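Welcome! Please take a moment to look over the sequence and the 3D structure before reading on.

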Amino acid sequence: MSDRTMPAADTLSPGSPAATGAPHIDAGDAGYSKDLKSRHINMIAIGGAIGTGLFLGAGGRLAGAGPSLAIAYAVCGVFAFFVVRALGELVLYRPSSGAFVSYAREFMGEKGAYTAGWLYFLNWSTTAVADITAAATYAHFWAMFSDVPQWILALIALAVVLTANLISVKYFGEMEFWFAIIKVAALVIFMCVGIFLVVTQAEVGGHTPGLATITDSGGIFPTGMLPMLMVVQGVVFAYASVELCGVAAGETKNPEKIMPKAINSIMWRVGLFYVGSVVLLALLLPYTSYSADQSPFVTVFDKLGIPGTAGIMNLVVLTAALSSLNSGLYSTGRILRSMAMAGSAPKFTARMNKGQVPYGGILLTAAFGVLGVGLNYVMPGEAFEIVLNLASIGILGTWGMIMLCSLLFWTRSKEGKVARPSYRLPWAPYTQIVTLVFLASVLGLMWWGGGVGRTTVNCLPLIAALLVGGWFAVRKRVGVLAAAQPRD
């Protein structure tokens with residue numbers, strides 16, 4: 001069997017692994033260290049839920065949709081939680097560094113794993129471009145970098161994070177731990193300051209914060225409901241890293257104890273940091289005060305006029321961009337190795353260094369980051385928006401594959417072929433179906449909105465053609481490797 005999954009009940013022999021309950025084995029899981037600790041996983045989960053999409057993207061979306069952006073964040077946050085909860089159930093069933101690619105292989109066959117893996121690569125290779133673009137944009141805040149071309153700053157950001165990512169998973173975990181600490185601390189400080197300003201009615205840039213800021217500027221929907229719907233695809237991008245903790249589970253010793261706590265905490269973090277931050281931003285300044293060119297948090301501190309605070313906040317959002325880039329290189333390295341071991345990714349992406357890091361896959365993602373440096377050179381003003389839409393396609397595809405795997409896992413559990421862990425996605429299978437409908441709706445909204453979003457959706461036939469062509473190029477090797485694997 002090419003997907004090396006459990007055969008039909010009527011074909012089981014008494015001594016077969018499937019008959020004896022042997023678990024699915026992914027060759028790509030071999031060779032990793034188990035150096036990620038509970039604090040790493042918890043902070044990776046936080047870092048995955050707080051990234052560039054909030055720190056940079058919220059400015060432009062708030063300017064376009066007004067305070068209703070908080071509603072978009074809340075709705076998308078619920079579905080992001082469903083996705084990561086579904087992945088968490090699969091992780092508790094069988095931890096794997098290949099994550100959803102490994103589960104797609106088990107429940108959908110090699111074609112499913114191939115599709116899931118390359119959609120994920122599309123997500124993170126384009127997100128890497130968004131991250132280095134964001135890092136370069138942030139750096140321009142300081143006068144010392146204002147004359148440095150954006151593409152040079154983007155290249156420096158990529159080089160620094162790539163070097164750090166190639167050392168070992170332990171260093172990655174430590175970097176993400178402290179990156180997340182910085183992001184959370186910054187948001188907590190912002191929220192404390194924001195609440196204080198709202199309660200005391202202290203002026204912010206000549207404006208008195210409070211509910212009047214919203215009501216006097218057109219209410220919750222100052223430009224109508226349509227703009228809120230149109231920013232949903234960008235909001236989905238903001239949650240793009242929530243699945244990262246599922247990938248990291250393959251390199252921790254006690255995922256069954258660590259993962260449920262980390263995943264369950266994502267929901268309140270979404271409510272507190274995303275929705276709470278946007279509500280405060282809307283209360284502090286009219287939505288027209290924000291723009292896509294500057295982090296909204298920097299805008300607020302800039303308006304306060306306190307020396308150095310805007311620079312510190314800008315340093316924090318720069319950290320968020322570098323953290324996201326670091327996470328993308330980490331996760332794609334593991335996913336590509338899982339695929340390479342099955343034959344559906346280039347052979348060199350399976351290679352590991354002495355630090356037990358799959359450097360081949362990391363370098364491939366970094367190579368696409370270099371293309372992003374070129375994009376920043378050619379069109380620095382539009383680079384972020386272009387890659388944002390492409391990344392959103394990858395995210396929608398990845399989340400869709402996770403929910404499909406979860407749905408198939410639920411189906412097999414009903415057939416008695418697998419056993420669900422005690423930690424489960426609630427309300428299955430309706431949760432998976434509703435989430436899949438939501439993801440399809442987001443795709444429809446992207447097309448309906450016109451502009452870059454419609455152009456991106458129109459590229460779907462090209463993406464599908466590339467996937468089909470790629471499959472025909474690798475299917476022979478996939479078949480040979482699958483035949484060589486022991487059946488389970």
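Predicted model: local features only at pLDDT ≥ 70, side-chain atom pairs only at ≥ 80, totals over all residues.

In which kind of crossing does α5 pass α6? The crossing of α5 with α6 is right-handed, the term for a near helix that is turned clockwise from the far one by less than a right angle, while anticlockwise gives a left-handed crossing.

Residues are numbered from 1 along each chain as its sequence is written, and side-chain values use heavy atoms, with hydrogens and water left out.

**The chain as a whole**

The protein chain has 19 helices and zero strands. Both kinds of element are DSSP runs, numbered from the N terminus: helices are H or I with at least four residues, and strands are E with at least two. Of the 488 residues in the protein chain, 59% are buried. Buried means under 20% relative accessible area, exposed means over 50%, and partly exposed is in between (1.4 Å probe, protein chains only). Take the contacts (heavy atoms within 4.5 Å) between residues at least 6 apart in sequence: 80% of them join residues at least 24 apart.

**Two pairs of packed helices**

Two packed helices are described by the angle between their axes and the distance between the axes. Axes are lines fitted to C-alpha atoms, for helices over the stretch in contact, and angles run from 0 to 180 degrees between N-to-C directions.

Back to the opening pair. Helix α5 covers residues 99-139 and helix α6 covers residues 150-165; they pack at an angle of about 120 degrees, with their axes 8 Å apart. The two helices are therefore oblique to each other. Angles under 35 degrees count as roughly parallel, over 145 as roughly antiparallel, 65 to 115 as roughly perpendicular and the rest as oblique. On the α5 side, Ile132, Thr133, Ala135, Ala136, Thr137 and Ala139 make the contact, and they meet Gln150, Leu153, Ala154, Ala157 and Leu158 of α6. Sorted by class, this contact has eight nonpolar, three polar and no charged residues. Here Ala, Val, Leu, Ile, Met, Phe, Trp, Tyr, Cys and Pro count as nonpolar, Asp, Glu, Lys and Arg as charged, and the others, Gly among them, as polar.

Leu155 also lies in helix α6. With 38% relative accessibility, Leu155 counts as partly exposed. Between Leu155 and Ala135 there are 9.9 Å in space, C-alpha to C-alpha, and the two are 20 residues apart in sequence.

The second pair is α4 and helix α17 (residues 430-448), whose axes come within 10 Å and cross at roughly 130 degrees. That angle makes α4 oblique to α17. This time the crossing is left-handed. Val75, Cys76, Phe79, Phe82 and Val83 of α4 make the contact with Thr431, Val434, Thr435 and Phe438 of α17. By class, the contact of α4 with α17 has seven nonpolar, two polar and no charged residues.

**Salt bridges**

How many salt bridges does the structure hold? There are four, a salt bridge being a side-chain nitrogen of Lys or Arg within 4 Å of a carboxyl oxygen of Asp or Glu. The table includes some of them.

| Pair | N to O distance |
|---|---|
| Glu106 and Arg94 | 2.9 Å |
| Arg105 and Glu110 | 3.2 Å |
| Glu415 and Lys417 | 3.5 Å |

Glu106 lies in helix α5 and Arg94 in the loop between α4 (69-93) and α5, so this pair ties together parts that are 12 residues apart in sequence. Glu106 is buried at 5% relative accessibility, and Arg94 is buried at 6%. Arg105 is buried at 0%, and Glu110 is buried at 2%. By contrast, Glu415 is partly exposed at 49%, and Lys417 is partly exposed at 28%.

**Single residues to look up**

Thr365 lies in helix α15 (residues 359-378) and is buried, with a relative accessible area of 1%. Leaving out residues up to four places away in sequence, Thr365 touches Phe121, Trp124, Ser125, Leu329, Thr332 and Leu336.

The loop between α16 and α17 holds Trp427. Trp427 is exposed, with a relative accessible area of 61%, and its phi is near 60 degrees, a positive value in a residue other than glycine. Pro429 lies in the loop between α16 (383-414) and α17, and a cis peptide bond with omega of about 5 degrees joins Ala428 and Pro429.
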